[in-house]
Amino acid sequence: MTIRRQITVSFIGILAILSGNLFLYLWMDAARNAAFEDLQRVMSRESLISAIQQKTGDYQKQITLLSQTIGSDLQSPSPAEMDEFNAGLAQVQQQARQLVMLTDAADRPGTEAFANTLSTLSESWRIFYENLGSNHQLAITELVVQGEGLERTVLQDMLPRLQKIEEDRQSAAATHF
C-alpha cells in the first residue's frame, strides 16, 4: 500500500469517526431536549394543580363560611363582589383547561373529567353566591344538593389523585432527564 493510499484511508477513517461523533451528538441533543420538555411540562402541570388546589380550597372555605352565616342579616353580594367572585372562578377554570392542554393524550380523559367536574362545582358555587342574600332556600338547596358532593369529589378525590400522578411523573421525568 502506498503512502498516498494510507493517507486516504486514514482521512476517510477520521471523517467516518467525526461523522459518527456528529450523529451521536445530534441524537443525544434531541433526546436531552425531549427529556427537558417532558420535565418542563410535568412541572407546569404540577404548578397548575397546586394553584387550582389552593384557589379551590379558598373558595370552598369562603362558601362554607357564608353558608354558616346565612341565617343572619346577610345581604346579597354587590355587583363588584359578584364580578370578582366570577372572575376568580373563571381563572380557576382557565387553569384547569390549561392543565388539560398540557396533559398527554393517554391521560387526558381523567384530566378532562376533573375539568368538567370543577366547572360543574364552579357553577354550583355561582348559583349559591348569587342567591345568598335574596333567596336563602335556593342557595342552601344548591349547596347541599350539588355543592357538597362536588366539593368532596374535587378536593378530596380528584385533586389528590392528580397531584400523586404528577409527582410520580415528575420523579420519572427527572430521572430520565
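**View 1. Helix H2 and its span.** H2 has 24 residues and reaches 34 Å from its first C-alpha to its last, close to the 34 Å expected at 1.5 Å a residue (the expected span is 1.5 Å times one less than the number of residues). Helices are DSSP runs of H or I with at least four residues, numbered from the N terminus. This is a predicted model, in which local features need pLDDT of at least 70, side-chain atom pairs count only at pLDDT 80 or more, and totals for chains, interfaces and linings use all residues. Residues are numbered from 1 along each chain as its sequence is written, and side-chain values use heavy atoms, without hydrogens and water.

**View 2. Gln95 in helix H2.** Gln95 lies in H2, residues 79-102. Its relative accessibility is 13%, so Gln95 counts as buried (buried is under 20% relative accessible area, exposed over 50%, partly exposed in between, with a 1.4 Å probe and protein chains only). Leaving aside residues up to four places away in sequence, Gln95 touches Leu48, Ala51 and Ile52 (contact means heavy atoms within 4.5 Å).

**View 3. The salt bridge of Arg45 and Glu166.** The closest N and O atoms of Arg45 and Glu166 are 3.0 Å apart in this salt bridge (a side-chain nitrogen of Lys or Arg within 4 Å of a carboxyl oxygen of Asp or Glu). The pair links distant parts of the chain, with Arg45 in helix H1 and Glu166 in helix H4 (residues 136-176), 121 residues apart. Arg45 is buried at 2% relative accessibility, and Glu166 is buried at 3%.

**View 4. The salt bridge of Asp29 and Arg32.** Here the closest N and O atoms are 2.6 Å apart. Both residues lie in helix H1, three residues apart, about one turn of the helix.

Notes: Helix = DSSP H or I, 4+ residues; strand = E, 2+ residues; numbered from the N terminus.
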